[in-house]
Amino acid sequence: MKKLSHSFDYYVLLFFLLAFIGWLWEVALLFLTEHALINRGVYRGPYLPVYGVGGLLLCLLLRRLTRHPVAVFFISVLICSLLEYFTGYFLEHRWGIRWWNYDEHFLNLHGRICLAGAVAFGLGGVLLICLFLPIYDRWYPKLPKGWRVGLTMVLLAIFVLDATYCAMRPNLGYGISERLEEDMVLEDPGGFDDRVITS
């Protein structure tokens, strides 16, 4: 079995950074289309683990392809589309709820993935491998080890608590799925418009 080339905290911090960037991306998209700040995802925290997992997979598999953006693009399309499809499948069967729905998008597969999303994943993969990862590799060693380890432990503790809570009460907010009907509106003091939704 091939040994990982970096320490545990390297991958944890990278995971949370990518998960946070993914959350910002989706919040920004919905802000532009819905004109509201909407907390996306299953969890309460500002992160989308599917972006963190997908980003880590790309970094582990494609690190050596920084000078081959075309190959990175197509492999990223394949890996991320598969991840998104099976994540959507799992969430639907676990809770009976869809957190995204591409039924009205061109060339979609069961509403879980679509062509536009796949292209976006491919472009994101190129940016990640060819631009972001080299910057992260230069930035990471500059953080004192104590700070890295401490931040890793804090983030993991928050994530475990969030995941435990949301395993029982997942985040069901406005903008999750067009197939779900809205029951009532709750005004979130933090500025997010969350709605209780029933399937």
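Visitor: Before we start, what does buried mean here, in terms of relative accessible area?
Guide: Buried means under 20% relative accessible area. P170 counts as buried because its relative accessibility is 10%, under that 20% limit. One thing to keep in mind throughout is that this is a predicted model.

Visitor: Good, let's stay with P170 for a moment. Where is P170 found?
Guide: P170 is in the loop between α5 and β3, the latter spanning 181-187.

Visitor: And which residues does P170 touch, leaving out those up to four places away in sequence?
Guide: They are V42, R44, W95 and W99. V42 is 128 residues from P170 in sequence, yet their C-alpha atoms are 5.3 Å apart in space.

Visitor: Let's step back. How many helices and strands does the chain have?
Guide: The chain has 5 helices and 4 strands. Starting at the N terminus, the order is α-α-α-β-β-α-α-β-β.

Visitor: What share of the 199 residues is buried?
Guide: Buried residues come to 42% of the 199.

Visitor: What about contacts across the sequence? Of those with a separation of 6 or more, what share joins residues 24 or more positions apart?
Guide: That share is 66%.

Visitor: On to the core, then. How many residues are in the largest nonpolar core?
Guide: That core has 35 residues, and Y10, L14, L58 and I129 have the most contacts inside it. At least two of its residues come from each of α1 (8-34), α2 (49-62), α3 (69-95), α4 (115-139) and α5 (145-168).

Visitor: Which helix gives the most?
Guide: That would be α1, which supplies 9 residues to the core. As background, nonpolar side chains tend to be buried together in soluble globular proteins.

Visitor: Okay, P49 now. Which helix is P49 in?
Guide: P49 belongs to helix α2. P49 is buried too, at 16% relative accessible area.

Visitor: Who are the contacts of P49, aside from neighbours within four places in sequence?
Guide: The contacts of P49 are F15, A19, Y43 and F159. There is also a distance to check in your viewer: P49 and L18 are 31 residues apart in sequence and 8.4 Å apart in space, C-alpha to C-alpha.

Visitor: Changing topic, how many cavities of 30 Å³ or more does a search of the whole structure find?
Guide: The search finds 1 such cavity, and the largest cavity has a volume of about 30 Å³.

Visitor: Which residues line the largest cavity?
Guide: The lining consists of G88, L91, E92, I97, R98, W99 and W100. Sorted by class, that is 4 nonpolar, 1 polar and 2 charged residues. W99 is in this lining and also touches P170.

Visitor: Last topic, backbone angles. What is phi at L107?
Guide: L107 has a positive phi of about 50°, although it is not a glycine. For context, most residues other than glycine have a negative phi.

Visitor: Where is L107, and is it buried or exposed?
Guide: L107 lies in the loop between α3 and β1 (108-109). L107 is exposed, because its relative accessible area is 55% and exposed means over 50%.

Visitor: And what about phi of H110?
Guide: Phi of H110 is near 55°, again a positive value in a residue other than glycine. You can find H110 in the loop between β1 and β2 (113-114).

Notes:
Residues numbered from 1 in each chain as written. Predicted model: local features only at pLDDT ≥ 70, side-chain atom pairs only at ≥ 80, totals over all residues. Heavy atoms only, no water. Core = buried A, V, L, I, M, F, W, Y, C linked by side-chain atoms within 4.5 Å. Buried < 20%, exposed > 50% of the residue type's maximum accessible area, 1.4 Å probe, protein only. 1 Å grid on protein atoms, 1.4 Å probe; cavity = no way out; pocket = protein on both sides within 12 Å on 5 of 7 lines; lining within 4 Å. Points joined across faces, edges and corners; volume = space filled by probe spheres on them. Nonpolar A, V, L, I, M, F, W, Y, C, P; charged D, E, K, R; others polar. Contact = heavy atoms within 4.5 Å.
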